[in-house]
Amino acid sequence: MSKFKKKKDGGLPPISTASLPDIVFMLLFFFMVATVIKEDNLIIQNSLPKANQIEKLDKKKPISYIYIGKPSPNYIDTYGTEDRIQLNDKLQSVEQVQAFIAAERAALAEELVPTLTVSLKVDRDAKMGVLTDVKQELRKTNALKINYTTKKGDALDN
Amino acid sequence: MAKRSAPEVNAGSMADIAFLLLIFFLVTTDIATDSGLSRKLPPWEPPTDVPVIIKEKNIFALTLNSKNEILLTSGGDSELVPLNELRAQAVKFLDNGGGEGKDVCKRCKGEGDKASSDNLDKAVISLANDRLTDYKTYIAVQNEILAAYNDIRNREFKKDYPNLEMDFVQATEMYQDPSTEPKVRENLKEKLEAIKAIVPQKFSEAEAKRD
């Protein structure tokens, strides 16, 4: 007489779930590799408009990001509701754009400096005023390659 | 005493842990959007330059106001155009080919209206915006203008290089794709540059109006 009963014959054996962790880990690694962690923590609203005449940015060339938009709901008390510029992790004024570009250039190898592209991530509901000022600053500091970063879609239903 | 074998570690919760991590990564990461409308800003110059004189009929002037309306001034007339007609209007203007003598446009397929642009090289599109124009309208207009240029470039590319079986936009994509062989890229670059020279993007942006 043993403690353990013998298995009955004919019953369905339970499905082995031993490989489930492996499958999930595989998915996990896929997502870890395929996604890019956000470069900057956004303080402003940033939903991009749509366009269809777009070109992909070459990831091998240096890209600097400038964000423009209204402060997020959490920050309205601190920063108000006007359109603001975000460089790296802080809201900055227009005058600091030149310093930002200079700092970005200083971090690059010399031969890459002329290939620096400025990606302008501007909220779809932002007004043109701030962007115009930023463009003037970029011209002054001779950062002429720009890209209005957009989603892919039909521009007519923006 | 009988030797007991080490008990097997229960791996049942491993899946839960992995799922938790997976969900964490799904939530915290976003797939980066790194594509958009590439433009080049004009260099900063002291405003002492002698203004370049361009014939009025060669200018397709767009003005965006604070209410996001588009005013088109071309060939002496001004009218409001809806966004969805802008591309067709721009193509019609660029492709007009109303030039005579040394300004004659051999490639143009347009109406040849004397009051509109001379040829592809002379036609200039200018865009001015108000400080209170919405960015989404501005992008939509930029997109439509680039689309108009791309339409004509596609046509010319197909006409000049019919055996490639692609258009200008596809060729540009292929050229920018890093997996394309260097030989093919060199070859494509030459052709793309040739088309760009035939259909130049003469698209100027005036500084925004102060109000």
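This is a short talk about chain B of the structure above and how chain B meets chain A.

Hi everyone, and thanks for coming. One thing before I start: this is a predicted model, so please keep that in mind throughout.

Let's begin with the overall make-up of chain B. Its secondary structure comes to five helices and six strands. Reading from the N terminus, the order is α-β-β-β-β-α-β-α-α-α-β.

How spread out is chain B, against a compact globule? For 211 residues the globule rule gives 17 Å, but the radius of gyration of chain B is 27 Å, well over that figure, so chain B is more spread out than a compact globule. If you like to picture a box, the C-alpha atoms of chain B fill one of roughly 110 × 50 × 35 Å along the principal axes. As for burial, 27% of the 211 residues of chain B count as buried. And if you take the contacts in chain B between residues at least 6 apart in sequence, 54% of them join residues at least 24 apart.

Now to the partner. On the chain B side, 47 residues are in contact with 51 residues of chain A. Which elements of chain B give two or more residues to that side? They are helix 1 (14-28), strand 1 (35-40), helix 2 (83-94) and helix 3 (135-160). Helix 3 of chain B gives the most, with eleven residues. Sorted by class, the side of chain B that touches chain A has 25 nonpolar, twelve polar and ten charged residues.

Two bridges join it to strand 2 of chain A, residues 55-56, and the two strands run antiparallel. You can find one of the pairs on screen: Glu55(A) has Gly36(B) as its bridge partner.

Let me finish with helix 3 of chain B, this time inside its own chain. Helix 3 packs with helix 4 of chain B, residues 168-176, at an angle of about 85 degrees, and their axes are 7 Å apart. Helix 3 of chain B brings Asn150(B), Arg153(B), Asn154(B) and Phe157(B) to the contact, while helix 4 of chain B brings Phe168(B), Val169(B) and Ala171(B). By class, that contact has four nonpolar, two polar and one charged residues.

So, helix 3 of chain B is the one to remember: it gives the most to the side that touches chain A, and it also packs with helix 4 of chain B.

Key
Residues numbered from 1 in each chain as written. Chains lettered and ligands numbered in written order. Predicted model: local features only at pLDDT ≥ 70, side-chain atom pairs only at ≥ 80, totals over all residues. Contact = placed C-beta atoms within 7 Å. Helix = DSSP H or I, 4+ residues; strand = E, 2+ residues; numbered from the N terminus. Nonpolar A, V, L, I, M, F, W, Y, C, P; charged D, E, K, R; others polar. Pairing = 2+ DSSP bridges. Axes fitted to C-alpha atoms, helices over the stretch in contact; angles between N-to-C directions. Rg over C-alpha atoms; globule rule 2.2 N^0.38 Å. Buried ≥ 20, exposed ≤ 12 C-beta atoms within 10 Å, placed from the backbone.
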